[in-house]
Amino acid sequence: MLDSKLLRTEPEVVAANLARRGFKLDVAHLQALEEQRKKWQIKVDELRNERNVNAKSVGKAKAQGIDIAPLLKQVEDLGQQLAAAEAEFNAVQAQMDQLAMGLPNMLQDSVPEGADETHNVEVRRWGTPREFPYAPLDHVALGEGLMMLDFTNAAKISGARFVVLHKHLARLQRALTQFMLDLHTSEHGYQELYVPYLVNAASLTGTGQLPKFSEDLFSLKGEQDFFLIPTAEVPVTNMARDEIIEATALPLRYVAHTPCFRSEAGSAGRDTRGMIRQHQFEKVEIVQLVRPQDSAAAHEELTAHAEAILQKLELPYRVMALCAGDIGFGSSKTYDLEVWLPGQQKYREISSCSNFETFQARRMQARWRNPETGKPEPLHTLNGSGVAVGRALVAVLENYQQPDGSIEIPAVLKPYMGGLERIQKA
RNA sequence: GGAGAGGUGGCAGAGCGGUUGAAUGCACCGGUCUUGAAAACCGGCAGACUCUCACGAGUCUCGUGGGUUCAAAUCCCACCCUCUCCGCCA
């Protein structure tokens, strides 16, 4: 949610910024609505004031034993007037709210211009893709060759876009998860959390998935209003919802491993092969809650924390600054990490690191007490994948493949694999 | 699943339907005192919104949503959540 004051006082500035995303803000409509809202709010306030003043005088009169019948007669139709005015006000306010909740975040100046992903800018590159004297296999061929990557049973059990991992591959995924959590907690200063995987609508509204992107979510058909989390960002960031955090407690750094559930509505036909795009996948997420003045630096730092995972796994990657047209709804600036996949001969997204500034904080009333003003003010939230575990598994398979179809275990994972050196067909 | 208790400000905790947006304590901020600190004392201290250049004024919020009433933290209904006991269970 944007700062409502800014939206009201400088709608053109907001509109110009959002236009960079290709989002058209109808300033005239906004101002017309605002005018109506103000008009009715004043009317409602006046009527309520009249009612309150009257009720008080009734109380006084009664206390003094004066006949209150004439006073009551005076305000006979006040209730109706008030109800009518409130109905008008509520209708306009609802429209305003809907509009406000549908506005994406404003972009930082440093975000590159561009309409789509082809305009994303490469910021840096790490590692050198390995040279293969033969055509490297993709993770599907490798995993199925090992008899450890099983889409057949997954399809039977659930359907498309699910996977069953067997034996060493299942363990490799667990090893990756453990490694990531350990690195973030022991070297990057994050506090590990275990969180619910089912969340309520308020939490999803807080982080920005609702109301606009409900079709991307799985919701439960029970009596309770639950959704499956699309990312740990939702439960973790919402820890701060409706909280006022003391300045001395910031920054807060959280890391959590969760499965993530996405309906992938609208992505039919994309990445149908393999486990790049699944309905259910594992992810380690890092989240920071910081003072506004610290968020830009925290964003760089958080991105570096995600990069450290890939570096220690010795997986070549590049860092992309997403352009205005490709950046997510709630983000003010995003870096994507793209890992090299020899099977595709492409860099593919494995982490997305975003600074939401006050966008999520306003939606969820997550505040810090600014010592300079003494007032609660919205804090800044950031998050990044640190990193997507399923895709990391894919990257390890493809980058560490051997000519005989076996997979060498990355050095940092060996302790988590019980000393296993390589994965080969049993 | 059964029975009961309860949700009030940053925290704890009062609150006969009518000067209660809310006593009191703690925490916090400012001041007096002190070489400094502590203690003591004095003062301030919820949030959001609207009008106003400003001073200031008004509205809303006591879990959420409805209802009763001239008037609701207080009465009624529904829902959500927390706690205790019993049962069941990974």
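Helices here are DSSP runs of H or I with at least four residues, strands are runs of E with at least two, and both are numbered from the N terminus. A pocket, on a 1 Å grid over the protein atoms alone, is an open set of points where a 1.4 Å probe fits, with protein on both sides within 12 Å along at least five of seven lines. Its lining residues have an atom within 4 Å of a point.

This is a predicted model: local features need pLDDT of at least 70, side-chain atom pairs count only at pLDDT 80 or more, and totals for chains, interfaces and linings use all residues. Residues are numbered from 1 along each chain as its sequence is written, and side-chain values use heavy atoms, without hydrogens and water.

The largest pocket holds about 1,800 Å³ of space. That volume is the space filled by probe spheres set on the grid points, which are joined across faces, edges and corners. The lining has 49 residues, and R262, R277, G328, E349 and S352 are the closest to the centre. Several elements give two or more residues, including β9 (280-290), β15 (380-388) and α13 (389-399). Strand β12 gives the largest share, nine residues. By class, the lining has 14 nonpolar, 17 polar and 18 charged residues. Nonpolar means Ala, Val, Leu, Ile, Met, Phe, Trp, Tyr, Cys and Pro; charged means Asp, Glu, Lys and Arg; the others, Gly among them, are polar.

Next, the second largest pocket. Its volume is about 530 Å³. Twenty residues line it, with M1, L2, D3, S4 and R8 nearest its centre. Which helix gives the largest share of this lining? Helix α5 does, with five residues. Helices α1 (4-9), α3 (27-63) and α12 (359-364) each supply at least two. The classes here are nine nonpolar, four polar and seven charged.

Two of those helices, α3 and α5, also pack together, at about 150 degrees with axes 9 Å apart. Axes are lines fitted to C-alpha atoms over the stretch in contact, and angles run from 0 to 180 degrees between N-to-C directions. The pair is therefore roughly antiparallel, a term for angles over 145 degrees. Their contact has twelve nonpolar, six polar and eight charged residues.

Last, another pair. Helix α8 (167-186) packs against α11 (295-312) at about 130 degrees, with axes 10 Å apart. In α8, F179, M180, L183 and H184 meet H305, A308, I309 and K312 of α11. Five of these contact residues are nonpolar, two polar and one charged.

Key. Chains lettered and ligands numbered in written order. Contact = heavy atoms within 4.5 Å. Parallel < 35°, antiparallel > 145°, perpendicular 65-115°, else oblique.
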